[in-house]
Amino acid sequence: MDLESRIIFIDAAVVAIDKPAGLPVDTPRRGGDSVENRLHQLRQGYKRLPAIMHRLDQDTSGCLLLARNPPARKWVQAAFEAHEVRKRYVALLGGTVEGEEGVIDLPIAKVSSEKAGWRMVADASGKPAVTNWKKLHEAEGRTLVEFVPETGRTHQIRVHAREGLGAGIVGDRVYGFPGGPMLLHAHRLEVPRPKGKTIKLEAPLPDHFGEWAAFAGVSS
């Protein structure tokens with residue numbers, strides 16, 4: 001896999017790719033392929049390797065931002081920590097959803113067992129997690145939904161889809177409907193610069209969304 005061909009934006013400060021579903025961002029403990037192992041493909045003439053600035057789940061596709069130098073890494077990290085970065089995800093849920101839009105305010109916590117491993121669950125004593133959502137299209141018992149998270153908890157959107165809207169994501173082996181690729185995509189990412197225009201990224205929905213991709217751009 002050549003990540004150079006997945007570049008959707010590049011300038012002197014940052015580079016962004018459309019991460020394919022199935023490729024981990026960090027190298028798995030057991031070893032194997034990852035974005036981290038392919039950073040050399042994103043140098044684009046720089047000697048320094050770019051730094052990954054946030055995470056996407058292995059089975060989530062879409063916008064992934066990397067900083068190309070230490071100053072950029074500093075201001076991008078500051079933007080994330082100040083919650084100034086806007087993320088827009090699109091997901092296909094395996095059920096119908098009541099209402100047209102709203103806010104899911106549902107704390108989540110990590111649980112684990114020797115047999116089943118770990119997962120995130122809705123838990124009133126967990127860490128705060130807030131996600132804005134909007135229905136984009138509904139047909140044949142499935143719903144395409146826009147998710148704009150205000151917090152960045154592990155598996156937040158996947159848990160909120162299931163526990164907050166009552167329908168897990170198609171292809172989600174843990175929280176939704178197993179079978180085929182997970183239909184969760186980081187569609188847009190906006191990062192303000194200290195000076196100059198905001199970086200606005202967009203990664204088109206992958207082919208496995210099929211006809212649903214036509215409805216992804218309904219919202220703004």
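Guide: Buried means under 20% relative accessible area, and exposed means over 50%. The model is predicted, and the labels below are computed from it.

Visitor: What makes the side chains of strand S12 alternate in this description?
Guide: In S12, residues 199–202, Ile-199 and Leu-201 point to one face and are buried.

Visitor: Why is Gly-152 called exposed?
Guide: Its relative accessibility is 68%, and the cut-off for exposed is over 50%, so Gly-152 counts as exposed. Gly-152 is found in the loop between S10 and H2. Its C-alpha atom is separated by 9.7 Å from that of His-54, although the two residues are 98 residues apart along the chain.

Visitor: Is His-155 buried or exposed, and why?
Guide: At 14% relative accessibility, His-155 falls under the 20% limit and therefore counts as buried. His-155 is placed in the loop between S10 and H2.

Visitor: What is said about the phi of His-155?
Guide: Phi of His-155 is near 60°, a positive value in a residue other than glycine. Most residues other than glycine have a negative phi. His-83 also has a positive phi, of about 60°, and is not a glycine.

Visitor: Why does His-83 get its accessibility label?
Guide: His-83 has 61% relative accessibility, which is over 50%, so His-83 counts as exposed. His-83 lies in the loop between H1 and S5.

Visitor: What makes a group of residues a nonpolar core?
Guide: The members must be buried residues of the nonpolar kinds listed for a core, joined through side-chain atoms within 4.5 Å. The largest such core has 28 residues, and Val-35, Leu-93, Phe-147, Leu-165 and Ile-169 have the most contacts inside it. Elements giving two or more residues to this core include S2, S4, S5, S10, H2 and S11. A second, separate core has 19 residues, among them Val-14, Ala-72, Trp-75 and Val-76.

Visitor: Which residues does Phe-147 touch?
Guide: Leaving aside residues up to four places away in sequence, the contacts of Phe-147 include Tyr-89, Leu-93, Ile-104, Trp-133, Ile-157 and Leu-165. Lys-87, Arg-88 and Asn-132 are also among them.

Visitor: Why is one space called a cavity and another a pocket?
Guide: In a cavity a 1.4 Å probe fits but cannot get out, whereas a pocket is an open set of points. The count comes to one cavity of 30 Å³ or more, and the largest cavity has a volume of about 30 Å³. The largest pocket holds about 1,500 Å³ of space.

Key. Residues numbered from 1 in each chain as written. Predicted model: local features only at pLDDT ≥ 70, side-chain atom pairs only at ≥ 80, totals over all residues. Heavy atoms only, no water. Buried < 20%, exposed > 50% of the residue type's maximum accessible area, 1.4 Å probe, protein only. Helix = DSSP H or I, 4+ residues; strand = E, 2+ residues; numbered from the N terminus. Contact = heavy atoms within 4.5 Å. 1 Å grid on protein atoms, 1.4 Å probe; cavity = no way out; pocket = protein on both sides within 12 Å on 5 of 7 lines; lining within 4 Å. Points joined across faces, edges and corners; volume = space filled by probe spheres on them.
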